[in-house]
Amino acid sequence: MINEEFIPKWIAWELTGRCNLDCVHCRSSSNVDAAAGDWTLDEAKGLIDEIAEYSKPVMVLSGGEPLMRPDLFEIAQYGTDKDLRMCIATNGTLINDEICEKMKETNIRMVSLSLDGSTPQTHDDFRQEEGCFEGVLRGADFLNKHEIPFLINSSFTKRNQSDIPAVYKLAKKMGATAWYMFMIVPTGRGEEMMSELIPKEDYDELLAWHFDTEYEETEMLMRPTCAPQYYRVQQQRAKELGIDFERRALKFGTGGGKGCIAGQSICMIDRFGEVQPCSYFPESAGNVKKQSFKSIWEDSKLMNDMRDFDSYTGRCGECEYLNICGGCRARADAVHHDYMAEEPFCDYVPIRTKRRQAAEASSP
């Protein structure tokens, strides 16, 4: 029997690899010519049956661009009928009145939109398609018109790092329920952007800004994503300012006040059935077309490694903030080729590490 702490609460499900865009940082390397994947409608319904019998997670229908799949809303309705909380992750450019009506009919609980810049120049540069910025603003207008809640995901590298405060303000102006500040993990086409990743020396400054802004924010929920260091910075910053800080809960919680939750309360199922610890972790724990989701989640070595905090190595393994941060396992895998290694974009030196280094320096 698995520890209740590790029941899946949020599953991203890649229904297609096809996408109308060709974004520079896409984790799944999607475009209009990509392999769509081979989920038949019957297979999709079968997976929903299996998952619904095991737990009741939030199911995020993703891609690629999920709105390019003709039977998307039939799948969504089937999940809703099984008491799963169905959501859609889209780039926003294909949303219209008809799509919104289908979202309402199938009880889509939340829609996530992608916004990577506060201007057309910045956003469209990421998305590799002119007009995407206007497209996502138009998509948000349709969602507001139909009173469908949405959140905004924003991905950042050096090329748009200075735009972070302006993107936050625009997300709020658009009427987003929440804003997620994504620190890109170099997977998929993101591997080609390794030199553009925000340097680790800047992480704590950006996360401190996020804390200060979140502390003052009263309307829109905020979360940094793929930046588990935030939970360390949050404690340090609150202590430094002498304040009590209790985060408001998101509508769909996934892991409480903790950083990396890959393989602990979340996972990703790709378009070929491979189960991964998170959307940015390309290694598979097993394939749901060959074995049950339950057996993969409970018994696979990869998933259990994610939960074995005592086996984390490097500075993460010695860190006093391990249980609230954990370091990004996907980023450790991408940079060190070892998912149990230390978080490569964290500058913090744990107390145990300092003591060990001092002892090593003083020994003859």
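Visitor: Which residues touch the most other members in the largest nonpolar core?
Guide: Those are Trp-13, Trp-179, Ile-269 and Phe-293, in a core of 103 residues. A nonpolar core here is a set of buried Ala, Val, Leu, Ile, Met, Phe, Trp, Tyr and Cys residues joined through side-chain atoms within 4.5 Å. Buried means under 20% relative accessible area, exposed over 50%, and partly exposed in between, using a 1.4 Å probe and protein chains only.

Visitor: Before we go on, where do these values come from?
Guide: The model is predicted, so local features need pLDDT of at least 70 and side-chain atom pairs count only at pLDDT 80 or more, while totals for chains, interfaces and linings use all residues. Residues are numbered from 1 along each chain as its sequence is written, and side-chain values use heavy atoms, with hydrogens and water left out.

Visitor: Okay, what does Phe-293 touch?
Guide: Leaving out residues up to four places away in sequence, its contacts include Pro-8, Ile-11, Glu-50, Ile-51, Tyr-54 and Cys-267. Ile-269, Val-275 and Val-288 are also touched by Phe-293. Contact means heavy atoms within 4.5 Å.

Visitor: How many helices and strands are there in the protein?
Guide: There are 13 helices and ten strands. Both are DSSP runs numbered from the N terminus: helices are H or I with at least four residues, strands are E with at least two.

Visitor: Let's pick a helix. Which residues of α2 are buried?
Guide: Helix α2 covers residues 72-81, and Leu-72, Phe-73, Ile-75, Ala-76, Gly-79 and Thr-80 are buried there. They sit on the same side of α2, because they cover an arc of only 155° around the axis. That arc is taken from the directions from the helix axis to the C-beta atoms.

Visitor: And what covers the buried residues of α2?
Guide: The cover includes the strands β1 (10-14), β2 (58-62) and β3 (85-89), plus the helices α1 (41-54) and α3 (97-105). After α2 comes Asp-83, with a positive phi near 70°.

Visitor: Switching topic: how many aromatic pairs turn up in the whole structure?
Guide: The search finds 16. Take Tyr-168 and Trp-179: their ring centres are 5.7 Å apart and their planes are at 50°, so the pair is tilted. Rings of Phe, Tyr and Trp (its six-membered ring) pair if their centres lie within 6.5 Å; planes under 30 degrees apart are stacked, over 60 edge-to-face, and the rest tilted.

Visitor: Where do Tyr-168 and Trp-179 lie?
Guide: Tyr-168 is in helix α6 (residues 164-174) and Trp-179 in strand β6 (residues 178-183), so the pair ties together parts eleven residues apart in sequence. Tyr-168 counts as buried at 10% relative accessibility, and Trp-179 is buried at 0%. These two also belong to one aromatic cluster with Phe-156 and Trp-209.

Visitor: Last one, what about the overall shape?
Guide: Along its principal axes, the C-alpha trace spans about 70 × 45 × 40 Å. Buried residues make up 59% of the 364.
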